[in-house]
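Here are my notes on the model. Please read them with the structure open.

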Amino acid sequence: MPKIRQDRMEENQRRIEAAALALFTRQGFHGTIIREIAEKAKISTGAIYTYYPTKEALFVSLVRNYETRMRPLRDQMFHNIKAPFSGQDIRQLAAHIRSIVYDNADYWLLMYIDVIEFKNQHFAQVFQGLIEKIRRRVGPVLNEARRQKGWCGKDPAFVFASMYMYIFEYFLIEKLFQGNRHLGVSDEEAVEGFVELFSRGIWNSSNGMRRTRPTQNSNHHLGPARQKEKARAYAR
């Protein structure tokens with residue numbers, strides 16, 4: 001195939017997909033018709049069917065192209081993890097997630113469209129088997145955490161996946177749902193809060209708050225009958 005023809009085909013596909021993405025993410029898949037895509041792309045309706053046999057095939061192409069774009073971003077994010085529950089690595093993970101969400105908002109909008117209009121046919125694999133995917137990527141460093149003194153006893157892959165999804169959810173709410181500081185703080189302050197929760201909250205500590213029996217001193221302000229009642233409550 002002559003190079004000029006190949007270049008023209010690629011340019012047409014780029015215009016079609018850019019138009020489709022803009023329309024799908026604004027008015028939904030079923031709310032968009034091929035003629036609107038053609039008009040926005042400045043191409044004939046028939047030409048669109050030259051490249052995509054159906055409107056759903058066009059949607060699938062958008063999803064696949066975005067997945068190709070997202071894959072190296074995820075690879076880089078996991079590649080940099082050395083001490084997954086350290087403050088430094090949690091901050092770094094949060095920075096990667098923030099960039100993935102904020103710089104690729106249309107990808108997540110396509111996902112929500114897929115959930116609503118296709119019952120998540122095209123994105124389900126992103127979440128299926130998440131724990132096993134995480135183990136394959138960072139299993140050795142997670143096992144190192146399990147061997148450290150004071151580990152909470154939970155499966156570190158489960159803990160990491162929970163942290164990973166929680167941070168994703170935070171940035172998705174901020175970006176797509178107009179969260180507007182939905183946790184009451186800036187992104188930077190929220191990340192520091194996550195660091196505190198996930199780097200310290202998962203470790204056993206002798207300084208942690210524990211439920212203990214009341215001492216005589218702690219009950220000195222109560223009457224004798226109330227002291228006995230409180231002691232019986234703790235003993236249950």
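**Notes on fold, core and pockets**

1. Of the contacts between residues at least 6 apart in sequence, 64% join residues at least 24 apart. Contact means heavy atoms within 4.5 Å.

2. A word on the basis. This is a predicted model, in which local features need pLDDT of at least 70, side-chain atom pairs count only at pLDDT 80 or more, and totals for chains, interfaces and linings use all residues. Residues are numbered from 1 along each chain as its sequence is written, and side-chain values use heavy atoms, with hydrogens and water left out.

3. The protein has 11 helices and 0 strands. Helices (H or I, at least four residues) and strands (E, at least two) are DSSP runs, numbered from the N terminus.

4. Of the 236 residues, 39% are buried. Buried means under 20% relative accessible area, with a 1.4 Å probe and protein chains only.

5. The largest nonpolar core holds 63 residues. Such a core is a set of buried Ala, Val, Leu, Ile, Met, Phe, Trp, Tyr and Cys residues joined through side-chain atoms within 4.5 Å. I37 and F160 touch the most other members. α9 gives the most to this core, with 11 residues. Leaving aside neighbours within four places in sequence, F160 contacts F78, I81, P84, F85, L93, I134 and L142.

6. The largest pocket has a volume of about 500 Å³. A pocket is an open set of points on a 1 Å grid over the protein atoms alone, where a 1.4 Å probe fits, with protein on both sides within 12 Å along at least five of seven lines; lining residues have an atom within 4 Å of a point. Volume is the space filled by probe spheres set on the points, which are joined across faces, edges and corners.

7. Which residues lie nearest the centre of the largest pocket? They are R74, V126, F127, L130 and Y164, out of 21 lining residues. Helices giving two or more residues to this lining include α4 (55-79), α8 (130-147) and α9 (156-176). By class, the lining has 13 nonpolar, 1 polar and 7 charged residues. Ala, Val, Leu, Ile, Met, Phe, Trp, Tyr, Cys and Pro count as nonpolar, Asp, Glu, Lys and Arg as charged, and the others, Gly among them, as polar.

8. The second largest pocket has a volume of about 190 Å³. α1 supplies the largest share of its lining, 5 residues.

How values were computed
Buried means under 20% relative accessible area, exposed over 50%, partly exposed in between (1.4 Å probe, protein chains only).
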